[in-house]
Amino acid sequence: MPDNKRSQAITQGAQRAPNRAMLRAVGFNDGDFNKPIVGVANGYSTITPCNKGLNELSLNAEHALKQAGAMPQMFGTITVSDGISMGTEGMKYSLVSREVIADSIETCVQAESMDGVIAIGGCDKNMPGAMIAIARMNVPAIFVYGGTIKPGHYKGQDLTIVSAFEAVGQHSAKKIDDDELLQVERHACPGAGSCGGMFTANTMSSAFEAMGMSLPYSSTMSAEDEEKLVSAGQSAEALVYAIKKQILPRDIITRKSVENAIAVIMAVGGSTNAVLHLLAITHAAEVDLTIDDFEEIRGKVPVLCDLKPSGRYVTADLHRAGGIPQVMKMLLNHGLLHADCLTISGQTIAETLQDIPDTPRKDQNVIRQWDNPMYAQGHLAILKGNLSTEGCVAKISGIKNPKITGPARVFESEETCMAAILAHKIQAGDVVVIRYEGPKGGPGMREMLSPTSALIGEGLGDSVGLITDGRFSGGTYGMVVGHVAPEAYVGGTIALVHEGDSITIDAEQRLLQLNVSDEILAQRQAAWRAPNSQYTRGILAKYAKLVSTASVGAITD
């Protein structure tokens with residue numbers, strides 16, 4: 001009999017009769033009170049295609065839990081759609097939703113003294129939100145990813161949601177007409193599932209598989225495929241085993257396993273948001289990790305996968321090519337993974353990968369051979385300099401010019417920048433600065449997919465730099481630098497940039513520099529005053545008061 005404190009307490013003593021009475025009303029019978037009670041954190045909603053299929057997965061997991069001898073208790077948690085809210089005020093709630101998800105799962109599991117939890121999520125913040133809660137609570141847990149969307153198709157090209165954003169820029173530049181824009185919109189998202197490239201959702205699902213908190217292959221399955229339902233049931237069975245053996249999240253989420261996750265993120269060309277989210281997860285798990293650790297691992301790990309946004313293929317193609325286990329086996333063979341890390345199944349990473357081929361199949365081009373990588377080093381570079389003394393994140397895959405020095409074009413919000421791009425006021429050689437979009441200043445650290453995609457669509461992706469104290473979508477690529485910290489709202493140097501100032505972005509030297517003297521910067525700093533926030537009540541006001549700098553994960557506790 002497992003050590004199920006809640007289940008055992010319910011069976012003991014007359015004072016527990018009210019507990020048993022209420023549980024009988026939701027389906028418990030006499031023999032069920034000695035079984036582990038397992039929460040099913042269900043992120044289902046029809047707000048976004050990412051979460052559309054989650055209820056089926058949750059019901060399948062619920063059934064599998066019962067078959068494995070546990071008693072499931074299903075509860076809901078929220079999501080917001082980044083893709084729908086992108087470019088609007090609503091996007092300020094996206095990163096906030098990560099904290100709401102974490103807090104809601106922690107609240108429910110702890111209030112009901114559950115013996116374990118299976119978290120089932122889809123859209124970007126579902127995964128880090130759930131894992132933050134799991135790391136805080138440290139009760140047996142597993143994450144089930146809702147799955148990737150299959151690519152849309154138009155004129156022989158695979159489409160993703162980013163195709164629609166880039167089409168806006170192409171339309172503005174008169175490269176496509178109204179009908180072409182409409183056809184891209186109609187075909188970009190054909191059904192259920194999270195954004196199809198190696199964007200934030202698929203990046204975080206891959207990280208969790210690499211970390212050992214999700215089952216092998218589960219992170220790249222398509223939402224609409226039968227194997228996704230099967231995987232949800234298998235995940236429930238694995239969780240019941242973990243409860244019996246008391247395999248806890250903090251046994252799995254360790255410094256070594258997080259390094260494994262970072263190595264995989266670099267190898268697959270993952271999202272800049274992974275830096276922010278892994279810093280927050282490790283904070284919750286009390287694991288020592290800093291932003292500089294990403295740079296150290298980046299220098300060792302090649303980019304092995306040719307995936308969108310800067311590459312050719314989508315995550316469904318990666319799955320068919322061998323998925324994350326194939327990537328991990330290659331990294332393991334070259335000494336870039338810790339083989340002894342524990343997984344939710346009770347096996348080590350080495351045991352899990354034992355039967356995986358040493359090299360990828362020759363009949364595919366998604367996963368490159370080790371001696372023919374996309375890039376010799378990882379693509380997520382940590383830059384520092386007087387413009388970002390705490391560090392910032394640049395995604396340097398797919399760019400032709402790793403260095404740019406140009407005049408600053410300063411915008412106090414995403415909307416004003418977007419208007420300038422669509423009005424053709426941004427020229428090759430410019431360095432666009434979007435500020436007061438940080439964790440506190442936004443508040444909420446919006447993603448800048450609309451302006452970055454518009455620049456790509458207008459053909460300026462390789463010739464214009466863009467820096468911001470906000471974030472970027474996983475679908476962003478080009479000479480872009482996000483998470484600039486300290487942010488403008490707290491008086492970071494980005495707040496002191498004037499229109500026309502010279503700025504250098506140098507990915508090779510990992511430098512972000514405002515080419516202005518220290519004396520002038522000191523004068524500007526003395527004259528600077530923080531702007532008044534328009535948010536004085538409600539969740540955005542609370543978030544702004546609590547949230548940390550991006551360089552430690554934009555955490556709220």
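## The sheet

Two strands are said to pair if DSSP finds at least two bridges between them. In this predicted model, four strands form an open sheet whose order is β2-β1-β3-β4, and the pairing is parallel. Strands β2 (71–76) and β4 (141–145) stand at the edges with a single partner strand each, so one side of each has no neighbour in the sheet. On average, and with direction ignored, neighbouring strands of this sheet are turned by 20 degrees against each other.

## Strands β3 and β4, and the helix on them

Strand β3 (residues 116–121) runs parallel to β4, and five bridges join the two; among the residues involved, valine 117 has alanine 141 in β4 as its bridge partner. Helix α6 (residues 126–137) packs on the sheet and touches both β3 and β4, and the direction of α6 makes about 175 degrees with that of β4.

## Two packed helices

Two packed helices are described by the angle between their axes and the distance between the axes. Helix α3 (residues 54–67) packs with helix α10 (residues 226–245) at an angle of about 40 degrees, and their axes are 8 Å apart. This angle makes α3 oblique to α10, and α3 passes α10 in a right-handed crossing.

On the α3 side, the residues in contact are Glu56, Leu57, Asn60, Ala61, Ala64 and Leu65, and they meet Lys228, Leu229, Val230, Ala232, Gly233, Ala236 and Val240 in α10. The residues of this contact of α3 with α10 divide into nine nonpolar, two polar and two charged.

Definitions and conventions. Residues are numbered from 1 along each chain as its sequence is written. This is a predicted model: local features need pLDDT of at least 70, side-chain atom pairs count only at pLDDT 80 or more; totals for chains, interfaces and linings use all residues. Side-chain values use heavy atoms; hydrogens and water are left out. Axes are lines fitted to C-alpha atoms, for helices over the stretch in contact, and angles run from 0 to 180 degrees between N-to-C directions. Angles under 35 degrees count as roughly parallel, over 145 as roughly antiparallel, 65 to 115 as roughly perpendicular and the rest as oblique. A crossing is left-handed if the near helix is turned anticlockwise from the far one by less than a right angle, and right-handed if clockwise. Contact means heavy atoms within 4.5 Å. Ala, Val, Leu, Ile, Met, Phe, Trp, Tyr, Cys and Pro count as nonpolar, Asp, Glu, Lys and Arg as charged, and the others, Gly among them, as polar.
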